[in-house]
Amino acid sequence: FNFSAMAVRLGLWLWLPWTIVSWPASVNVGLKRTTFLRINKFNGLRESPNLRPRALNMTNMPLAKRFRSKDKAKVEPGGISLDPENLDTTLLGIAVPAFFALASDPVASLVDTALVGKLGADPLAATGLATAILNLASKIFTTPLVAVTTTQVASSTNDKEKLSEASNSALQVALTAGIIQTLLLLVFAPIFAQGIVGSEGEQRLWDPVADVLRVRALACPAIAVALATQGMFRGIGDTRTPLVLSIAANVLNLIFDLIFLFELHLGAPGAALATSTAELLTSIVLVALAVPKLQLRPSLRLDALGDAAKQMAGDTIILSFRSAIVWITFTVAAAVTARIDADSSAAYQICQQLWLSTALVNDALAIAAQTVIAQAISSGNNPAAKDTFQKLTIWAVVIGFALGAGFLISSDTISSLFSTDEYVQEEVKNMLPFVAASMPIASVAFTWDGVLYAVKDFTFATKTMFLASGLALTSIAVGSITVPESDDIYFIWYGLIGLMLTRVAVITARLRDENGPFASMKLFKSSATSNN
């Protein structure tokens, strides 16, 4: 063992991550004024005439003080353009970076899988099972907080005090939720491991899965805070900063994977430690960048949640129930396919992953709708809210038909790309028309979720999902009982398409309700009719 060589390598590895973490600040500030203005024009932010970019001294300048103007005035938060002539640019400036930020997480998971897979089957299985548990916890408990934070911040951009209160409340709720997740995972890691592996399953995986869960648990507060901060940036119309930090986190994760897996030989827990370290570092930078923009006051005090924080916590819990019922619906659908035969189940999994991958595009549209409509309403600009709704609805329909047509045209390529089994390929071809048919409906449904969130209609969104999922599960159950087993697979798609149709129908009624939160916007009336 050559200690000197190892020390040099570790020194280089640790210097490079710090450079990567620090780089986003220089991207956001820029070393040239033209770069700064071009970035902020893309994001729809107002230009500050007295802003003079400054060269960065990464060694002695605190991260929170890197955004400065000549007279040390802070860059004004929010300020996205609601001008009808610039609305397309504003929406694209929010949706496009949001899409790539959402897409970066699956890419990071693929890299992790590839690297851990080189260690053997058991480490890969342990990492995959632990990640499934963590992803479920994040989807149900943490992701809803991002949606709530986005709306609260977007609705407060015209009032600095409310903006600061909303941002700090989100930070407080996120930190509390993250600490709770950490404690639960640390205490119940063995139980969770046995539950997902099974008492009759591969018992040798119990300890590795529990070890990975414990290591990843340490980063839960950082993950929750990072996601909440992403929601804050989305709320002010800045989706580019979270994108840059997501890319930096993925690069850091790769670097630490190489160190912990192949230099220090830490196994599956080493991969977990790499992910946790990358998440912690990027979370710190993300919060530091948010401090001057949102008047954040990071604090570890959890003893007294304010009224705003309690409201955000309540809304987050409501959306958590919505996320849970969605997960249950798709889990039941997958379980029904598994009892038919392995080939049908494999074909369904391929089509379901294709369907879910398109949700990234739809989620990006929903983020744009949520941010712009919330800001428009808070500033009393109902025409801008209406224009945003109509534009994004049209975009959703067009994108949905384009995706559906793409699936139909490339069905042969898709089936051969994901499987070499002829029967699976044939089943994929048979299912793709269902996937294609659902695309326009799903695009509109996802986009309109963002519209509901923009007016803080979280309870209605949850009730709608419960109704739609209940009908879908009923359809799947009835179909599995009354039709031949060979046709069960198609009834699953009938149920899932029915879920989307129900959501669109119920949300349409809500948008048209003259006594509802959208009454003053007259979303489905032409401008001439509205003026009359």
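**Notebook: contacts, rings and charges in a predicted model**

I began with the contact pattern of the protein chain and found that, among contacts between residues at least 6 apart in sequence, 81% join residues at least 24 apart. I note here that I am working from a predicted model, and that every value below is computed from it.

I then looked up the overall make-up: the protein chain holds 17 helices and 0 strands, and buried residues account for 51% of its 532 residues.

**Entry on R503**

Where does R503 lie? I placed R503 in helix 16, which spans residues 488-512, and I noted that R503 is buried because its relative accessible area of 3% falls under 20%. Leaving aside neighbours within four places in sequence, I listed the contacts of R503 as R322, A445, F446, D449, T464, M465 and A468. I also checked L467, which is 36 residues from R503 along the chain, and the C-alpha atoms of the two are separated by 8.3 Å.

R503 lies over the face of F446, at 5.2 Å from the ring centre, and F446 itself belongs to one aromatic cluster with F330 and W355. D449 forms a salt bridge with R503, with the closest N and O atoms 2.2 Å apart; this pair links distant parts of the chain, since D449 is in helix 14 and R503 in helix 16, 54 residues apart. Both D449 and R503 are buried, and salt bridges that share partners join R322, D449 and R503 into one network.

For another arginine placed over a ring, I noted R510, which lies over the face of F460 at 4.5 Å from the ring centre.

**Entry on other salt bridges**

How many salt bridges does a search of the whole structure find? I recorded 8. One that I followed up is formed by R216 and E279, whose closest N and O atoms are 3.7 Å apart; R216 sits in helix 6 (residues 206-217) and E279 in helix 9 (residues 267-294), so that distant parts of the chain, 63 residues apart, are linked. R216 counts as buried at 13% relative accessibility.

I next took D412 and K429, whose side chains meet in a salt bridge at 3.2 Å, N to O. Because D412 lies in helix 13 (residues 411-418) and K429 in helix 14 (residues 422-454), the pair ties together parts that are 17 residues apart in sequence. D412 counts as partly exposed at 48% relative accessibility, and K429 is also partly exposed, at 29%.

**Entry on aromatic pairs**

I counted 10 aromatic pairs. One of them, F99 with F100, is edge-to-face, at 5.2 Å centre to centre and 70 degrees between the planes; F99 is partly exposed with a relative accessible area of 25%, and F100 is partly exposed with 46%. The pair of F256 and F260 is stacked, because the ring centres are 5.7 Å apart and the planes stand at 10 degrees. F256 and F260 both lie in helix 8 (residues 240-263), 4 residues apart, about one turn of the helix; F256 is buried at 4% relative accessibility, and F260 is buried at 12%.

**Entry on a nonpolar patch**

Last, I looked at the surface patch formed by I180, L184, L186, V187, F188, I191, F192 and L218, which together have about 730 Å² of accessible area. I placed I180 in helix 5 (residues 160-197), and noted that I180 is partly exposed, with a relative accessible area of 47%.

Methods: Residues numbered from 1 in each chain as written. Predicted model: local features only at pLDDT ≥ 70, side-chain atom pairs only at ≥ 80, totals over all residues. Heavy atoms only, no water. Patch = residues over 30% accessible without salt bridge, like charges linked within 9 Å, V, L, I, M, F, W, Y side chains within 5 Å. Areas by Shrake-Rupley, 256 points an atom, 1.4 Å probe, with all protein chains shown as cover. Salt bridge = Lys/Arg side-chain N within 4 Å of Asp/Glu carboxyl O. Helix = DSSP H or I, 4+ residues; strand = E, 2+ residues; numbered from the N terminus. Buried < 20%, exposed > 50% of the residue type's maximum accessible area, 1.4 Å probe, protein only. Contact = heavy atoms within 4.5 Å. Phe/Tyr/Trp six-rings, centres within 6.5 Å; stacked < 30°, edge-to-face > 60°. Lys NZ or Arg CZ within 6 Å of the ring centre and 35° of its normal.
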